[in-house]
Number of protein chains: 2
Amino acid sequence: VAPAVGRQIPAAAPDERRGTGSAPSRVRVAYQGEPGAYSEAAALGHFGDVRPRGYPTFRDVAERVASGEAERGVLPIENSLAGSILQVYDLLQEFESLHIVGEIRLRVSHHLIGHPGAKLQEVRRVLAHFQAAAQCRRLLEAHPEWTVEPSYDTAGSVKLAKERGRRDEAAIASARAAEVYGMAVLAEAVEDDPQNYTRFVVVSREPRADGRGTKTSLLYTTRNEPGALCATLQVFSKRGLNLARIESRPIAGRPWEYRFYVDVEGRVGSVRLDSALAELRGLVEQLRLLGCYPGA
Amino acid sequence: VAPAVGRQIPAAAPDERRGTGSAPSRVRVAYQGEPGAYSEAAALGHFGDVRPRGYPTFRDVAERVASGEAERGVLPIENSLAGSILQVYDLLQEFESLHIVGEIRLRVSHHLIGHPGAKLQEVRRVLAHFQAAAQCRRLLEAHPEWTVEPSYDTAGSVKLAKERGRRDEAAIASARAAEVYGMAVLAEAVEDDPQNYTRFVVVSREPRADGRGTKTSLLYTTRNEPGALCATLQVFSKRGLNLARIESRPIAGRPWEYRFYVDVEGRVGSVRLDSALAELRGLVEQLRLLGCYPGA
């Protein structure tokens, strides 16, 4: 069986679906949001028919996995239009017991969703998640007559618009969210660019041990001296190991110092990556292996 | 007179205050937010008594400066707890006529602001700007009985709480915002860490030409090949030029490719920086000099 984790919404991921002999009441997969959320779609596509359960916040998802209440968590980490989801980067640092065991790429298409029978011209208020608003800036800018109301969830904003029952209100979310809540699509594919993908990480309390990883995620702080960051990156480039991503986040209490998140195309257990890690250890203040997993 | 731009809220910035012979009706300094916003405090501290004018969005500020309607714009670009303000990075890329001519660091202390006479125990709903919420996570997590309502402006959320007149509502903002709107501080200094600073950039249609810069901001895209980013950073490290900051943002339509924002401690016109720029030009796809200015 081919490893499913490397494909873009694989039909099934056998090695992931086998389960770990847990009681039936245990949550298989936790995600943030209401039914119809993009995270739910990512979880369904990756794990198959496991009834993922939604939680209000990213932190809730991290906590459930860290406590063992949920086996896996699916967290969005980056969107190809709006960029990094900084809060998820911070949670990976905070929850030291979490490991990245997989990666999912999901094509994201947003729609303007309103009440059945309502017309686009009637809309005066749009409920929009921050990330969704950032990915649909052109639409929102083309309608200065709309008031944009920030929300914390795409599908949740459709649910809220439904509950409020005002024909002049709409929300930005997936077509599936419209279905789930019995609402209508007023405008289709309203994202700024059709090349709109969100990348999710799958987290678990146990690191992946099947040796199938192709991508390795690291978290480290450099010594506070000139050239320190560059020296750490050279460790990889001189071995021909490509960096897929570099992200930095501030360190609380140490203004203008940063922790770096680096994704390297390489496998823990291979000579090249292991020797790079050994050299890196001598250059950095703190180093954590976040996980080695099949890159999507 | 010492250059004022390098200090942390200087009393006056003579070279910046001289003006450019504009009509009296022209806006001297534009910022995002309502009176009492941190951006207003940054503008007042940097420029002195120039009556900065607030606009609803960061984009409004960029547009006013690009059109010449405002002489300078003050935009927050990074907070030492919450990290980069990604939207401002994107505006610097989009508005090619803007130049960074200065930098401001402001100590930010948040307070929970409610109605005069209201008690902390009465609070049930808190209006919080995304950034402010991110900087006061511990307070919000310690009060699960509060509903957090997202808002787009700190001082604006105090204004809104005032207008609504509900004793069980409060907002997170500056002490000055409480004063401006006749509201009361219910809890002081509620940020997660006292080392909380926001860094602002000052933008203008004209680059700085006084040769007083100490910091240079660059924007570039690398060729899509292994080691490309690392090669660009080595250009600086091998000349002993320190990187103050590196940030990356996605390129629309090219998923998983990035543009890089790099702040270098060095001056345009110096032999070291100019030779680094010459070498860099040969390595990158596109290179834009965002500005050279006195680092704060």
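Select both chains and look across the interface of chain B and chain A: eight residue pairs are in polar contact there, both partners at pLDDT 80 or more. A polar contact here is a pair of N or O atoms within 3.5 Å; within protein, one must be able to donate a hydrogen and the other to accept it, and residues adjacent in sequence count only if both atoms are side-chain atoms. Now pick strand E13 (residues 243-251) of chain B, which gives eight residues, the largest share of the side of chain B that touches chain A. Helices (H or I, at least four residues) and strands (E, at least two) are DSSP runs, numbered from the N terminus. By class, that side of chain B has 21 nonpolar, 13 polar and 12 charged residues. In this scheme Ala, Val, Leu, Ile, Met, Phe, Trp, Tyr, Cys and Pro count as nonpolar, Asp, Glu, Lys and Arg as charged, and the others, Gly among them, as polar.

A word on what you are viewing: this is a predicted model, in which local features need pLDDT of at least 70 and side-chain atom pairs count only at pLDDT 80 or more, while totals for chains, interfaces and linings use all residues. Residues are numbered from 1 along each chain as its sequence is written, chains are lettered from A and ligands numbered from 1 in the order in which they are written, and side-chain values use heavy atoms, with hydrogens and water left out.

Stay with the pair of chains. In all, 46 residues of chain B are in contact (heavy atoms within 4.5 Å) with 46 residues of chain A. Since 100% of the interface residues of chain B are also interface residues in chain A, the copies meet through the same surface. The buried area, the accessible area (1.4 Å probe) that two parts lose on being put together, summed over both, is about 3,700 Å², and carbon and sulfur atoms give 60% of it.

Next, which residue pairs with A:Glu141 in a salt bridge? Select B:Arg59: the closest N and O atoms of this pair are 3.1 Å apart. A salt bridge is a side-chain nitrogen of Lys or Arg within 4 Å of a carboxyl oxygen of Asp or Glu, and the count between chain B and chain A is four.

Now move within chain B and select B:Glu191 and B:Arg107, a salt bridge with its closest N and O atoms 3.5 Å apart. B:Glu191 lies in the loop between strand E10 (184-187) and strand E11 (197-204), and B:Arg107 in strand E5 (residues 99-107), so the pair ties together parts 84 residues apart in sequence. Is B:Glu191 buried or exposed? At 8% relative accessibility, B:Glu191 counts as buried, whereas B:Arg107, at 34%, is partly exposed. Buried means under 20% relative accessible area, exposed over 50%, partly exposed in between (1.4 Å probe, protein chains only).

Switch to chain A and select helix H2 (residues 38-47), where eight of the 10 residues are buried. Among them are A:Tyr38, A:His46 and A:Phe47.

For a last stop, pick A:Gln131 in helix H5 (residues 130-135) of chain A. Leaving aside residues up to four places away in sequence, A:Gln131 touches A:Asn79, A:Ala82, A:Gly83, A:Ser84 and A:Ile85.
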